[in-house]
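Colleague: I am new to this structure and would like to learn how to read it. Please take me through its features in turn.

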Amino acid sequence: YKLTIGKTTIARHYGCFLQQLSILPEGSIFKETSGARLINDGISGLTGILDNIKAAGGGVLFVDEAYQLVTDREGKKVLDFILPLAESLDSDYGSLVWGFAG
């Protein structure tokens, strides 16, 4: 039996909360990935996820186990690409949420 903390559930509720505040448009989407998957898929895989979010008018991207990105050269490239988007207040993507193991 694996005990989970509920990071993904909280991130989903956060997305709904942002919709209720009209920060994200109705119909915005929730996308989930992991640090390991982003390392494997690289920037092109991340770009595909972000394009889906942008096409939906915005959304939430949840990166579970994001700490994995700093352990790999490709992961660091992904971080260099995504961090400016996460810091941007006028991002076309809505919200980027990071999940870390406790």
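Modeller: Begin with the elements: helices (H or I, at least four residues) and strands (E, at least two) are DSSP runs, numbered from the N terminus. Here, the elements run α-β-α-β-α-β from the N terminus on, so the naming of helices and strands follows that numbering. The model is predicted: local features need pLDDT of at least 70 and side-chain atom pairs count only at pLDDT 80 or more, while totals for chains, interfaces and linings use all residues. Residues are numbered from 1 along each chain as its sequence is written, and side-chain values use heavy atoms, with hydrogens and water left out.

Colleague: How many helices and strands are there in the protein?

Modeller: The protein has three helices and three strands.

Colleague: In which sense do β1 and β2 pair?

Modeller: Two strands pair if DSSP finds at least two bridges between them. In this model β1 and β2 are parallel, with six bridges. Thr33 stands opposite Val63 of β2. Between β1 and β2 the chain passes through helix α2 (residues 35–55), and this β-α-β crossover is right-handed. That term means that, with the strands pointing away from the viewer, the path from the first strand over the helix to the second runs clockwise.

Colleague: What share of the 102 residues counts as buried?

Modeller: Buried means under 20% relative accessible area, exposed means over 50%, and partly exposed lies in between (1.4 Å probe, protein chains only). Of the 102 residues, 34% are buried.

Colleague: What share of the contacts between residues at least 6 apart in sequence joins residues at least 24 apart?

Modeller: A contact means heavy atoms within 4.5 Å. Among contacts between residues at least 6 apart, 71% join residues at least 24 apart.

Colleague: How many salt bridges does a search of the whole structure find?

Modeller: Side chains of opposite charge can pair when their charged atoms come close. The criterion for a salt bridge is a side-chain nitrogen of Lys or Arg within 4 Å of a carboxyl oxygen of Asp or Glu. The search finds four of them. One of them joins Asp64 and Lys7, with the closest N and O atoms 3.5 Å apart. Asp64 lies in strand β2 (residues 59–64) and Lys7 in helix α1 (residues 7–20), so this pair ties together parts that are 57 residues apart in sequence. Asp64 is buried, at 17% relative accessible area, whereas Lys7 is partly exposed, at 22%.

Colleague: Which residue does Glu32 meet in a salt bridge?

Modeller: Glu32 meets Arg12, at 4.0 Å from N to O. Glu32 belongs to strand β1 (residues 29–34) and Arg12 to helix α1, so the pair ties together parts that are 20 residues apart in sequence. Glu32 is partly exposed at 38%, and Arg12 is partly exposed at 43%.

Colleague: Where do Lys77 and Glu74 lie?

Modeller: Their side chains meet in a salt bridge of 3.8 Å, N to O. Lys77 and Glu74 are three residues apart in helix α3 (residues 73–87), so about one helical turn separates them. Salt bridges that share partners also join Lys7, Asp64 and Glu65 into one network.

Colleague: Which residues form a nonpolar patch on the surface?

Modeller: Patches are made of residues with over 30% relative accessible area and no salt bridge; like charges are joined within 9 Å, and nonpolar side chains (Val, Leu, Ile, Met, Phe, Trp, Tyr) within 5 Å. Tyr14, Phe17, Leu21 and Ile23 form such a patch, with about 400 Å² of accessible area together. Areas come from the Shrake-Rupley method with a 1.4 Å probe; for residues, only the protein chains shown count as cover. Phe17 lies in helix α1 and is partly exposed at 43%.
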